[in-house]
Amino acid sequence: MDIIQKDSEILRLHDETHEDIVKMTGISKSFPGVLALDNVSFNLRKGEVLALLGENGAGKSTLMKVLSGIYPRDSGDIEISGLKQEDFTTGKAKELGIVIIHQELNMCSHLSAAENIFLGREIIKRGVVSQDEMNQKAFEILSMLNIDIDPETIVGDLAVSKQQMVEIAKALSANAKILIMDEPTSALTSKEIEDLFRIIIDLKSRGCGIVYISHRLEEISLIADRVTIMRDGKYIATMNYADTSLQEIISLMVGREITEKFPKISCPKGEKIFEVKHLNAGRMVRDVSFELYKGQILGIAGLMGAGRTETTRAVFGVDPKESGEIILEGKPVTIRKPYDAIRNGLVLVPEDRKKDGLCTKLTVRENIAMPSLDVISNFFGVVNRQKEKMIVEKSIKDLSIRLPHSEVEAMSLSGGNQQKVVVSKWLARNSRVVIFDEPTRGIDVAAKVEIYHLMNDLKRRGIGVVFVSSEMPEILGVSDRIIIMCDGRITGELMAFEATQSLILTYATMFESKLSRSDAS
Amino acid sequence: MNEFSRREGRQKGNPLKRLLAIRGMGQVISVTIGLVALCIVFQILSSNFFSPDNLGNLLRQIAPYLIIGIAQSFVLITGNIDLSIGSIMGMSSMMAATMMTKGVHPAWAILITFMSCVFVGVVNGQLVAACKLPPFIATLGTMTIARGIAQIVNNNHNTDTISIGIGKETTEAFKNFFYYGKIFTLGGHQESNGSVIGGFSIYSPVIIAIALWIVFNFMLSKTRTGRHIYATGSNMDAARLSGVNVTGTITAAYVVSAICSCIAGLIVCATTGMGAMDTGNSYELYAVAASVIGGVSTLGGQGILLGTVIGAAVWSVLQNGLQFAGAPVAIRNIVIGVIVVLSVLLDVVIRSGSRRKAKDMGASALLGWISRKSSEKAAP
């Protein structure tokens, strides 16, 4: 009751139709070595859906984390409901009704819907939790939103979409006025998306401001009132959705100049050395086929969550495959575990070097030698230190890894040098195909160029190179041929000379139309 | 190039620096200093502590702790834990003793016992690595089962003395091989019946422990499997992606653990000349203590077997020295407990920088929690 009164007070103070409930001006935020947000302005009105768009790394999530108090800002002003906020923390954000719903839901899956909705705010009667009252209140909230969920159901038993709705109900029960949704539809079916949109429209009519982050441009056309576009940590434009077009949005998103120089070399296209045919592995790898020729670097482009990493993992045998064929130098090979792939000369430089690439507590020597131990140990499995030393020293020299000596722990190296260790692990073996998954993430420009040179060198030596990257300039600058993935499928293939950023982005956002499919059925 | 030559110079230079360059040596050296300090304290408290007689005895006492310490260290370095060590000792002791009281030749009895223990090790490894059970739970299960086997083999009774089955002479041979045999003696005086009393003796369990240590230290530091054990414990995902057979590696560590526990059980059996059902009770935890005092990390990937030697020595010196100093059992327990916790606390403080998630396993889960909390506090 008092909320409504407060709202009406504010209404009287401001222009009723274009009332900004969030106004951020001149927000900057830097992380060590990166300026993540550069003087960004952002506003959100009462009762609207604002689509926040941008490529990977444009700064959308960082901005929303600043808005929800997770990251403190370096400079800039935040105004919520007309009130200037100085010290903005997560607690403060919660108090002001700012709720963020992450792509990964944060629910206690063993508790009931009602218990989740009132988590941390349990209704206490006479010193004990009043289950009945919580169920009753939860029921009221859920039915207000026309969500058909029994409050006593265990959340883990619900479909993902229903869990998401419980999360929305939880947000509302906490008087959310500003709701931030990060890729809310990625796991939903067409029917569930419709339900979600119905609830979003309902929330709008209640005066909630909604920030909607999605790569699915077609969905945005259905619910967005306005769009704000960001690029490289900068604010680019805000437009009424009705006044713009998909082409305009895409061109604003990619308008980045390619300023870096890429050391591209051209080699004659050789024979086919590697082929993946109709690979299926879970939802994120669906009927993926591609070919790789000697003397070419094959780039795999796509947005976050397009299924590129999943594809490399399935090819390399880390994750199980459902079906599909892998052909190396004309011969089909069976790869069930990484060792099978390594034995056949197919290796993967994984995306996340801390998690998958390095044993950080072991020495550089042990890390580099690890995949080659079968080559350098004798029949009894005793490791030949002399051979090991040769391999390790050659790798360190070839990649000019800077370190005091090879007995230091991998953990103590800088990001770029760690990455070089991860790469060099594989070069000691005579591999025939090397898959690089985001090899330049989080390393400085000089180290990046060294990695590009290395890939070029492999290409010159006739070793197949697959290069997965989220950064369009480097994909365009290094690859000879580019395949583009979206939502677990390959949606396009381009030769380097015909590829442009906007063409790639067009393919990368070619989601299967979930909505029209449901209309047809 | 320049860097290489400088590095060569460093490695070939000062021998002390070369020693310190071995990973994990820092902790070993600091614990060794602690051990020396303990010995000095006990010598002051009781002048008999450094008597040749007691030193021989002390070494003999260290042996079983070292053997089970090796067992636990292997498993801990893979990032897991083995709670079944004590029960496998009990099972080994009871199986061997029961068979020998029934007249089975010791060689056969040992072989059958050995195979059974190896089997338990394989089961442990498969449950943890292939079935992905939390190691704490999996080995808690096998711990209980192995204890049950120890109880059932002789119908829920301790065995009679083994000499009733295999005769006095064979019994003596068995006991000497595993426990009473003196390899050589310095000093002491000869009795009229020819036996030597007093003096410093090296007893057979010391030789067994040294032999096991040499074999398994070689395995851990020089072979491919050893590297795989470290890699698995340090980062299982990275190891798998590097082509390491993680399941096989973890199983190998559990089998090594079972082999060592089996031999420790046989030593206890030889000591008493019979089988007792509660043999090895809570030894798995003494094994954790020996490993951890010696610098093996309960989070995996770190530690060397030289450290385990020092850890086992610290444990036994505390037991023996406190006994010599006349401390009652209760005081002994309290002092030892405090020292174990302090040494591990030191370990945690040193390693609190590492943010590896603690596995779901008793002590280390707690330690991991503490280290997470402390690092959270440290970070703004």
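Predicted model: local features only at pLDDT ≥ 70, side-chain atom pairs only at ≥ 80, totals over all residues.
**Entry 1: chain B overall**

I started with the secondary structure of chain B and found 16 helices and four strands. Next I checked burial: 52% of the 380 residues of chain B count as buried. For the surface, I got an accessible area of about 16,700 Å² for chain B, with 67% of that belonging to carbon and sulfur atoms. I also looked at how far apart in sequence the contacting residues of chain B are. Taking contacts between residues at least 6 apart, 74% join residues at least 24 apart.

**Entry 2: a helix pair in chain B**

How do helices α4 and α13 of chain B cross? I looked at α4 (residues 52-77) and α13 (residues 283-293), both in chain B, and their axes come within 8 Å and cross at roughly 75°. Angles from 65 to 115 degrees count as roughly perpendicular, so that is what I wrote down for α4(B) and α13(B).

Then I listed who touches whom. From α4(B), the contact uses B:Tyr65, B:Ile68, B:Gly69, B:Gln72, B:Ser73 and B:Leu76. The α13(B) side brings B:Tyr283, B:Glu284, B:Tyr286, B:Ala287, B:Val288, B:Ala290, B:Ser291 and B:Val292. Sorted by class, I have nine nonpolar, four polar and one charged residues in this contact.

**Entry 3: positive phi angles**

B:Lys132 has a positive phi of about 60° and isn't a glycine. I found B:Lys132 in the loop between α6 (106-130) and α7 (135-152) of chain B. Its relative accessible area is 57%, so I put B:Lys132 down as exposed.

A:Asp287 also isn't a glycine, and its phi is positive at about 50°. A:Asp287 sits in the loop between β13 (272-280) and β14 (288-293) of chain A.

**Entry 4: helix α2 of chain A**

Helix α2 of chain A covers residues 60-67, and six of its eight residues are buried, so the rest of the structure largely encloses it. The buried ones in α2(A) are A:Lys60, A:Thr62, A:Leu63, A:Met64, A:Val66 and A:Leu67.

**Entry 5: A:Gln163**

I picked A:Gln163, which lies in helix α6 (residues 160-173) of chain A. With a relative accessible area of 15%, A:Gln163 is buried, since the cut-off for buried is under 20%.

What does A:Gln163 touch? Leaving out residues up to four places away in sequence, I wrote down A:Leu105, A:Met107, A:Val155, A:Gly156 and A:Leu158. I also checked A:Gln163 against A:Arg73: they are 90 residues apart in sequence, and their C-alpha atoms are 31 Å apart in space.

**Entry 6: A:Thr363**

Last stop was A:Thr363, in the loop between α12 (353-357) and α13 (364-369) of chain A. At 3% relative accessibility, A:Thr363 counts as buried. Which side chain does the side chain of A:Thr363 join in a polar contact? I found A:Glu366, at 3.0 Å.

Note on methods: Residues numbered from 1 in each chain as written. Chains lettered and ligands numbered in written order. Heavy atoms only, no water. Axes fitted to C-alpha atoms, helices over the stretch in contact; angles between N-to-C directions. Helix = DSSP H or I, 4+ residues; strand = E, 2+ residues; numbered from the N terminus. Parallel < 35°, antiparallel > 145°, perpendicular 65-115°, else oblique. Contact = heavy atoms within 4.5 Å. Nonpolar A, V, L, I, M, F, W, Y, C, P; charged D, E, K, R; others polar. Buried < 20%, exposed > 50% of the residue type's maximum accessible area, 1.4 Å probe, protein only. Areas by Shrake-Rupley, 256 points an atom, 1.4 Å probe, with all protein chains shown as cover. Polar contact = N/O pair within 3.5 Å; in protein donor to acceptor, adjacent residues only side chain to side chain.
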